[in-house]
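Biologist: Hi! Could you walk me through this one? I'm new to it.
Modeller: Happy to, let's bring it up.

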Amino acid sequence: MAEYSALSLLKNALSGNRDWKPAWRKPDPKPRYDVIVIGGGGHGLATAYYLAAEHGITNVAVLEKGWLGSGNIGRNTTIVRSNYLLPESLRFYEFSMKLWENLSHELNYNVMFSQRGVLNLAHSPGQADAFIRRGNAMRHGGVDAEWLTPQEIARKVPGLDTSGSARFPIAGGLLQPRAGTARHDAVAWGYARAADRRGVDLIENCEVTGFLRDGDQITGVSTTRGDIRAKKVALAVAGSTSRVLQRAGIERFPIESHVLQAFVSEAIKPFVNCVVTFGAGHLYMSQSDKGGLVFGGSLDFYNSYAQRGNLPAAEDVMSEICAMFPAVARLRLLRSWGGVMDMSMDGSPIITRGPLPGLYLNCGWCYGGFKATPASGYSFAWTIARDEPHAINAPFTLSRFERGAAIDETGHGPTPKLH
Amino acid sequence: MSPRRTRTGGLIDRARTIRFTFDGESYTGHAGDTLASALLANGVSLAGRSFKYHRPRGVFSAGIDEPNVLVTLLREGVREPNIPATQIEIYDGLRAESQNRFPSLAWDLGAVNQLGGRLIGAGFYYKTFMGPVIGPLKGTRFWMMCEHFIRCAAGLGRADYEADPSRYERVNAFCDVLVVGGGIAGLMAAEAAAKAGKRVILAEQEPQTGGFARWSDETLDGKPAHQWVAELTERLTRFDTVRLLPRTAVWGYYDGNTLAALERVHDHVARTPKGHARQRHWTIRARDVVLATGALERPIVFPGNDRPGVMLAGATRRYATEFGVLPGNRTIFFTNNDSAYEAAVAIKRAGGHIAAIVDVRPRIGDAATALATEAGVVPLTGRAVAGTKGSRALSGALVQAFDAETGRLSGEARPLECDSLAVSGGWQPVLHLASQAGAKPVWDEDKQAFLPPEPAQRWTGAGAFLGKFSSADALASGRDAGLKCAGKRPSRARLPEIAPEALNPAPAPVLEIRGRGKAFVDFQHDVTADDVRLAHREGFVSVEHLKRYTTLGMATDQGKTSNVPGLAIMAAARGITIPEAGTTRFRPPYSPVAIGALAAERYGDLKPERFTPMHDWHVEHGAEMTPAGLWHRPLVYASAGETVEQAYIREAAAVRRSVGIVDVSTLGKIAVKGPDAATFLDRVYTNTFSTLKVGKARYGLMLREDGIAFDDGTTWRLGETDFLMTTTTANAGAVMQHLEYCLDVLWPDLRVHLTSVTDQWAGAAIAGPQARAVLERCVTGTKVDNETLPFMGIVHGQIDGALVMICRLSFSGERAYEVYCGAGHGQHVWEALMEAGEPFDITPYGMEALGALRIEKGHVTGAEIDGRTTARDLYLDWMLSKKKPFIGSGLMDRPALIDRNRLRLVGIVSLDGQKLGGGAHLVERGSSDEPGESIGHVTAYCYSPALQKYIGLALVRGGKARHGTRVLLSDPLRRRFGQVEVVSHHFFDPDGERMHG
Amino acid sequence: MLIDCPHCGPRDLAEFSYQGDATRTRPDPASTDTKAWLDYVYNRPNPAGLHREYWQHAGGCRAHLVVERDTLTHEIRSVAFARSADSGDAA
């Protein structure tokens, strides 16, 4: 298959764009694979790609019940950052950040990772201290972080209400310059195409309905397109983890599914040049390359698999964005949508072997799965290939709850909706 | 006289002339015009530029579906971008600007993009701009450089940074029946429901009800249809139980039949009256909903179909009939269905000239033929428009023989002169709300349209929404829908008389003419038919992939005109049917909504503010206030020229030297009462409260179920079954909810009642060696000596006539008392305390001094109880009762929670005489370049007036084991590095002699 | 979403605070069975379909309610006071 480049674009333009080939094949499932990855979202596709690229395991199928990228990879607000507090999280997300920085080249697909910076606004002295603590943790972990004064913030982000008379005046801001946004769909498609080129079978419209077992051992899956056997079965179905695990007989699991809404305004000329988050509530906003302001806030705060939210959560988000950028009140909301989040009990993911022999688990991403995609795929592939975790995912076990080693970035404890 | 305005006719008020400007040029129109109709009347055909190729565009529709002419309104001193000209009612002084062009609409540099045509087709950006793998532009740099230019070229209108000066309102409404759409069907439904005694709200997005009847030229009960609907509307206004909401778009269908609507209250007048809302956000909870949202016309996709002058056929009809505006001097109609013939007749009647009717169908019915005759033309059947001529305005169309079966053009293309081309590809019911309500539309092969699904919530469809496009159907289905919502069966009573529908409602299944040149599917995002086929070629064949890869349907019109043609082209490419190709799920909002309107009253007033009863006093006495959650609290009371640091040091020193007073009203306060109150407290606190004597207080600690520290505070036993619990300010709400959960869910058998009394009590803490002396000077009704009021004792008395409750407890380590009184007496008691303290130079102190005093004592607060620390981490193990279980005791001993190497509480002392900093980290070794591995962090710091040093509290790996060692403070964010000594967190008076004395 | 509070009548979602799964059983307070505590604190059935859950009418009577709601459609089947509900999280 041809490399994508400016030259290939030109050549194809001259032939009327008639010679482009499908970005990936549409194979029928084979009866047997070395590894089956359930879930054709970002994490599943990345896992398949790294299995092939890093471990030479190419006899791999990715099973997707809908279309590739139909889960949260296509419904998020596209923020990429590694501005975490706890060392376990910092190591993991910074590893991801480094993969992001070369991802377009690695995949030969422009995922449009734009390092325009993520700025977290603090609105009280206490919050400023907490953010500085996090920023310093980043610096000690080798991650870029800067503290901006309200004056520096006013210069960097025009339109922000930086006045002292704001309801929650800005006390300062934590900036991660290397953070930014990427084009979410392109990440799914880039991994899909790159995995396909290495021989991975990407099978759409193929829902897993059950697991094949030999005693406790998982030996494959039954699907809407027939039984498929595999030595190893890996789950990357964040949002539906509990549902799929129930088909393997695991009835209770430390995850709740919640709906999170996201919003986009009508497209306007460049308005804001970095990602900004509002600390006196919960809001994150950036502007897409097309010009729409992309933003989101808190969960709707109830269990849901419906991919649709309700008005109160939407109204909260709108009131916060107007408090942050009073000019935005005049702009118009174009579209809203909902995604189903795997909310874990400490706000951190689970990437591990088990809980059954032959089964591997990647779940619990809460709001934060998009930025994790490369590291998640990388470390999950490592875990599947070697039957032991990579250093970056070693702390993200299921047994951490048993040991009391929760990785709780927000300090909210086992109340999933608060993470 | 405007060049395209008819001499007579239309529903505009020709007596009223209205002046407005577009791109700085002055124009006139009439009352009743939209900006689009007024521009057309003035012969302005070029009115916009497209998103990607910057192609010249003109008005394409007459309603909410307008993809081309979006303008920026300049109003109330701010810019409002991307408003469809078809949705703007003109008023005197209206100022609008075209968008996405530089330097002008006529001469737009961005049009150079058209040269790149094939190079910049769908998804081109995924394949390039990746840049070099080495050198200065490696990584993401090259892309970001390209992206800069892409971003400047993209976007539509320009917003400014000025705050929106408007007010927005929010209204909650309840009704039996919400009728969405005020056309014939909606009006009939509303009347039927209202007659049956139902409370009805009818929302119509246009300024007037009537919909299609306003421009259909039909006769109802012998009256012009527009007059008939006006009379019916008038009748509806006479019902007390009916509320009509014009200019109100219902845009969201949420759970439990909750619908969201936006009323554009004052956008149609020059100025919103002072204090009034520009727009109103309605949340309507309806028992039943009637969806009478009508249908939108679809275009046919053919080469050159975007030239200014090409317009939907139904739109030309509306402009001619409702606004008295002709679309051009010579109009060609191009259609796959009969409805365009009615439009042609309407143009003819309004005085226009029909150059031709081109119909893809080989044969047409008698009714259509008769209409063609009336329009003065012989229809060119079996033919199609295969191209257009002109640049910034249409000058002609190329007509060619066409086989609707095979979709092929043949023979010579014949040029026909025209300056207006009216296109109809049939009609698609507006199903957005039904789709939002949670069900999938169903394809109807005969009507070539998606029809409503089975309802997933309580709604009933009516009129064109059901795919019934005649007015006769609208009358009947509207009335039935209204009756159904009223729980009644369909009526057989006489309906208003109307000529029967003779036209064939089924269009030919032709939505694209394939020829040479760009044929647009999504006008606003410049997605062409070839882009759809490219997506197919590259495997992006599912509807969602198509949409995401090409951006089809994602512009501000959300695919209202492009959705079905795009699907048809993809289905054809895949060799499958349209329903097999699928349909996307519609998401709110149906039409764009001002973000400020959704924020409504909270725009400019985000969250409630909480003030303590003494707030005014603090402000009058020079306090600098700081936010603490929703509260405002004094930070310091700085005197002239004093810095914050100087002020808090002075305040804290005064407490240690003599006496100070601080407002503690913000502490959470919960009355815990009932026979089982003590048992209850034993279960929620780690320590025991059942042994507490009446008239005494005790410090308590709560854990979460997972064994992590949750909150602390004192609880006072006021009576055998009567406790007053205090919580931290930050956790007041969370603790209350936690306790309520415990009682309702865990232990419903306990006889305990909880009341939040935070706002009922004002509190002042008096601290310092002279604190008792101050109280002695003002408290009556009780003694306050050490015997009557020992440490942790409680007394009741009065201060200057106000009842007070005094508890002797200390956060500062000094002899101290918390004085509580009814909130209404707060300032009075505070002033009395100030007066009593005068001889001792009593000093009011704020949060900073409060913090300094507690740091000196090593008391923990939210910075240390941060949701990750255990009681042991904070050396509060002594509070964990071994005699009874409590919340958190089940899991608090898990191995990782009792690891000695956890981050644990210590004190630190600055060894270089410089400030520490909250959030600074501690390392064993490191430098500013290589910060080294963090072993902990500073949670709080201050200058200690008692120790005359900068000190702090920190959570450090290993905790106590490090006492007496030196570590480095590392604060790379603020570039502060220095040496500190690790010490006990009890800096000052560790044995508590001062507070017990 | 509207929740029909048995005390206050049908009220909007915005008045309620979600309090999570209502099928968990808290171990005996004195229990030292860590596994039982872990299961209670961390594990959830999280069904796609009918879900028994607690909601507190925080902006109203403040009672905790047991609501049966479909997590696929958000349709509410039943609402009762938590105190009078027959099963669930009683110690």
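**Strands, sheet and contacts**

Modeller: Let's start with one pair: Ile255(A) stands opposite Ser344(A) in S16(A). Keep in mind that this is a predicted model.

Biologist: Thanks! How many bridges are there between S12(A) and S16(A), and in which sense do they pair?
Modeller: S12(A) and S16(A) are joined by eleven bridges, in the antiparallel sense.

Biologist: And what about S12(A) and S15(A)?
Modeller: S12(A) also pairs with S15(A), residues 292-303 of chain A, over six bridges and again antiparallel. There, Phe263(A) stands opposite Phe295(A).

Biologist: Is S12(A) mostly covered or exposed?
Modeller: S12(A) is mostly covered, with 13 of its 13 residues buried.

Biologist: What sheet do these strands belong to?
Modeller: They sit in an open sheet of nine strands with mixed pairing. The order is S5(A)-S6(A)-S4(A)-S13(A)-S14(A)-S15(A)-S12(A)-S16(A)-S31(B).

Biologist: Which strands stand at the edges?
Modeller: S5 of chain A and S31 of chain B do; each has a single partner strand, so one side of each is left without a neighbour in the sheet.

Biologist: What packs on the sheet?
Modeller: H9(A) packs on it, touching S12, S13, S14, S15 and S16 of chain A. The direction of H9(A) makes about 140 degrees with that of S15(A).

Biologist: Back to S31(B): how is S16(A) joined to it?
Modeller: Two bridges join S16(A) to S31(B), residues 593-594 of chain B, and the two strands run antiparallel. Arg332(A) has Ala594(B) as its bridge partner.

Biologist: How about S13(A) and S14(A)?
Modeller: S13(A), residues 275-278, and S14(A), residues 283-287, run antiparallel with three bridges between them. Phe278(A) is bridged to Leu283(A) in S14(A).

Biologist: New topic: how many residues of chain A are in contact with chain B?
Modeller: 90 residues of chain A are in contact with 92 residues of chain B. H5(A) gives the largest share of chain A's side, eleven residues. That side divides into 42 nonpolar, 29 polar and 19 charged residues.

Biologist: And how many residues are in the contact between chain A and chain C?
Modeller: That contact takes 22 residues from chain A and 19 residues from chain C. On chain A, H8 (241-246), S12, S15 and H11 (400-403) each supply at least two residues. Chain A's side there has eleven nonpolar, five polar and six charged residues.

Methods:
Residues numbered from 1 in each chain as written. Chains lettered and ligands numbered in written order. Predicted model: local features only at pLDDT ≥ 70, side-chain atom pairs only at ≥ 80, totals over all residues. Contact = placed C-beta atoms within 7 Å. Helix = DSSP H or I, 4+ residues; strand = E, 2+ residues; numbered from the N terminus. Nonpolar A, V, L, I, M, F, W, Y, C, P; charged D, E, K, R; others polar. Pairing = 2+ DSSP bridges. Buried ≥ 20, exposed ≤ 12 C-beta atoms within 10 Å, placed from the backbone. Axes fitted to C-alpha atoms, helices over the stretch in contact; angles between N-to-C directions.
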